[in-house]
Amino acid sequence: MNLVLPFYRGGALLVAALVWALPAAAQAAALELDFRQVFSGQTIQPDSLRYETAAKENFSITRISYLVSGFALQRADGSWLELTNEVAWFDLERGRSAHRVASVPAGEYRAFRFHLGLDEARNHSDPAQYAADHPLNPNLNNLHWNWQGGYIFLAVEGIWRNAAGALDGWSYHVARDANRTGINLSMPLNLANATRLELDFDLATLLNAPRPLAFAKDGSSSHSREGDPIAAALAANLPGAFHVRRVGTATPEQAAAPSVKPLYLPEKFTPYPFQMSATFPIPDLPRDNPLLSERVALGEKLFHEPALSKDNTLSCASCHKAEAAFTDPRRYSIGVRDQVGTRNAMPLFNLAWRSSFFWDGRAPSLRAQALMPIQDHTEMDEMLTNVVAKLVAAGGLSAATNYPVLFTAAFGSPEITPEKVGLALESFVLTLTSFDSKFDRALKGAAQFNAEEQRGFELFITEFDPRRGQFGADCFHCHGGPLFQSQTFANNGLDAVFTDPGRAKIAGKSTDGGKFATPSLRNIALTAPYMHDGRFATLEEVVAHYSTGVKRSATLDPNLAKHPEGGLHLSAADQRALVAFLRTLTDPKYETSGGKLK
């Protein structure tokens with residue numbers, strides 16, 4: 001089933017809710033929770049090889065991400081007050097450390113309890129039901145195992161130095177219902193007013209006590225399969241890894257953010273029926289730029305408008321071709337004056353689910369991204385004021401296009417501004433969705449994989465963990481879920497020395513050297529060449545890279561660094577199977593002719 005998200009005036013999706021009639025509480029207080037990740041009591045320094053296992057192995061921590069639920073307070077009489085429907089997601093890299101329980105009955109309590117992980121019903125609930133900002137939206141937390149079912153409760157990853165002095169990766173994931181772990185913390189807690197409870201999550205305890213773990217002896221990877229000793233050790237260590245740091249007064253509750261109003265909403269408009277798969281997470285569509293058919297139509301016109309370039313020869317479509325799933329089949333795009341770019345043009349479909357744009361993530365929104373190539377000296381090299389003047393004076397280079405009329409229909413006024421150009425382009429690109437491949441039809445029982453495609457799918461979703469007899473391709477770590485992408489930036493081992501710093505140039509951190517955005521694998525058979533610099537011409541070359549071509553460096557992603565030297569060392573048959581599966585991700589509507597979608 002596919003979903004069509006309706007448009008509502010004001011840009012909000014109205015969701016009916018049940019309201020329970022409860023007796024008025026005599027008094028209620030807010031409880032603000034603050035989780036701090038520490039190592040032996042000291043705040044963790046990400047990406048620093050300063051930590052040691054019990055076996056004296058040096059290691060760094062690059063990721064700590066976990067789900068917490070089942071909050072409860074113990075009353076003086078020993079009974080428990082369950083704070084129902086509370087779920088929190090904490091993440092070191094994202095800076096998510098706080099969760100506020102808005103209304104708790106005032107009183108004196110003697111203990112606080114929570115669970116790392118989710119109860120069985122919530123763990124196996126449909127992840128597509130959660131709002132874009134909900135802790136359980138998988139596009140937000142990147143903690144859902146999708147086709148394997150259920151959430152990852154805790155993901156801890158990093159790099160470690162082996163006995164030979166080389167850098168390897170480690171990746172410990174705690175998941176599955178049996179590993180949901182209760183944490184009980186005793187402390188006097190007087191909730192007369194808003195209270196702040198500060199907790200420490202100590203990774204030294206998690207990895208060392210009471211059951212110490214060593215990467216060389218116990219293994220550097222765990223995915224919580226049944227009987228996995230690493231998962232069992234982590235679950236045993238978790239109850240002692242949380243400590244109360246301080247109980248104090250909560251910060252004043254921030255005033256509710258003013259409701260977002262649509263920009264330049266015309267008096268008459270036609271809501272655009274945004275289509276997506278029922279299995280996709282709910283996207284965070286811009287509330288100030290609601291999808292209107294008139295605005296989408298204007299955006300499509302502008303997308304193909306060569307007047308956006310300095311010499312009136314290039315449009316957005318020149319480097320994002322519909323017949324190549326809106327990417328460029330050339331390794332580097334050619335700008336005005338035949339200038340050659342430095343990175344391969346990225347595909348433009350399913351961008352409604354991304355939170356940053358370009359290979360290095362320098363654009364925070366699609367409207368910002370859309371205007372950057374216009375101004376880039378190597379690409380279209382035009383000033384936005386000149387673009388506006390051309391659209392106003394000449395109606396564009398397309399004789400049939402009357403832009404003042406189109407802008408009036410889209411924005412309620414004939415005024416043309418750079419902001420409106422960006423909003424219109426954003427609207428059009430947001431409608432480029434892809435969810436109807438052979439893979440999707442196979443999941444619904446409307447198509448069937450052949451034996452080679454099925455083998456490729458199994459390799460794709462299976463981890464590489466020889467210790468547990470698993471020899472998969474580990475693809476799902478970075479390209480998991482129905483979108484086959486993640487929000488992370490990763491170094492996938494293309495180079496040991498970086499000629500292109502990638503994310504590091506934008507973030508200003510050396511630990512981001514060689515990291516680039518993780519694009520979707522949907523329509524991958526149509527979007528060659530591959531990687532940020534287009535170095536691989538075929539899917540076979542891409543798979544061969546992960547099999548034997550991975551180069552080690554200090555920022556190599558832990559889920560690649562944990563593999564043997566060079567990569568997975570897949571057999572020729574398994575490499576062919578992976579390519580066969582990747583070809584099932586092609587959406588027929590992007591197999592176009594004449595630059596028009598089917």
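Predicted model: local features only at pLDDT ≥ 70, side-chain atom pairs only at ≥ 80, totals over all residues.
**The chain as a whole**

Let's start with the big picture. The protein chain carries 18 helices and 21 strands. Its radius of gyration comes out at 26 Å, close to the 25 Å that the globule rule gives for 598 residues, so the chain is as compact as a globular protein of that length. Along the principal axes, the C-alpha atoms fill a box of roughly 80 × 65 × 50 Å.

How much of the chain is buried? Buried residues account for 54% of the 598. If you take the contacts with a separation of 6 or more, 71% of them are between residues 24 or more positions apart.

| α6 (residues 293-303) and α11 (residues 418-430) | about 100° | 7 Å | 8 nonpolar, 2 polar, 2 charged |

How are α6 and α11 oriented, parallel or perpendicular? Their angle is about 100°, and angles of 65 to 115 degrees count as roughly perpendicular, so these two helices are roughly perpendicular to each other. On the α6 side, the residues that meet α11 are Arg295, Val296, Leu298, Gly299, Glu300, Leu302 and Phe303. They face Val421, Ala424, Leu425, Ser427 and Phe428 in α11.

From α13, the contact takes in Glu452, Glu453, Arg455, Gly456, Phe457, Leu459 and Phe460. The α18 partners are Asp574, Arg576, Ala577, Leu578, Ala580, Phe581 and Leu582.

**A buried glycine in a loop**

Gly493 sits in the loop between β20 (489-490) and α15 (503-507). Is Gly493 buried or exposed? Its relative accessibility is 0%, so it counts as buried. Setting aside neighbours within four places in sequence, Gly493 is in contact with His545, Gly549, Val550, Lys551 and Leu556. Asn123, by comparison, is 370 residues away from Gly493 in sequence and 33 Å away in space, C-alpha to C-alpha.

Most residues other than glycine have a negative phi, and most peptide bonds are trans. A few spots here go the other way.

Where are the cis bonds? One joins Ala209 and Pro210, with omega about 0°; Pro210 belongs to the loop between α3 (203-208) and α4 (215-218). Another runs from Ala528 to Pro529, again with omega near 0°, and Pro529 is in the loop between β21 (516-517) and α16 (539-549).

Then there are the positive phi values. Asn85 has phi near 65° and is found in the loop between β7 (80-82) and β8 (87-91). With a relative accessibility of 65%, Asn85 counts as exposed. Tyr264 has phi near 55°, and its loop runs between β16 (242-249) and β17 (274-277). Tyr264 is partly exposed, at a relative accessible area of 34%.

Technical notes
Residues numbered from 1 in each chain as written. Heavy atoms only, no water. Axes fitted to C-alpha atoms, helices over the stretch in contact; angles between N-to-C directions. Helix = DSSP H or I, 4+ residues; strand = E, 2+ residues; numbered from the N terminus. Parallel < 35°, antiparallel > 145°, perpendicular 65-115°, else oblique. Contact = heavy atoms within 4.5 Å. Nonpolar A, V, L, I, M, F, W, Y, C, P; charged D, E, K, R; others polar. Buried < 20%, exposed > 50% of the residue type's maximum accessible area, 1.4 Å probe, protein only. Rg over C-alpha atoms; globule rule 2.2 N^0.38 Å.
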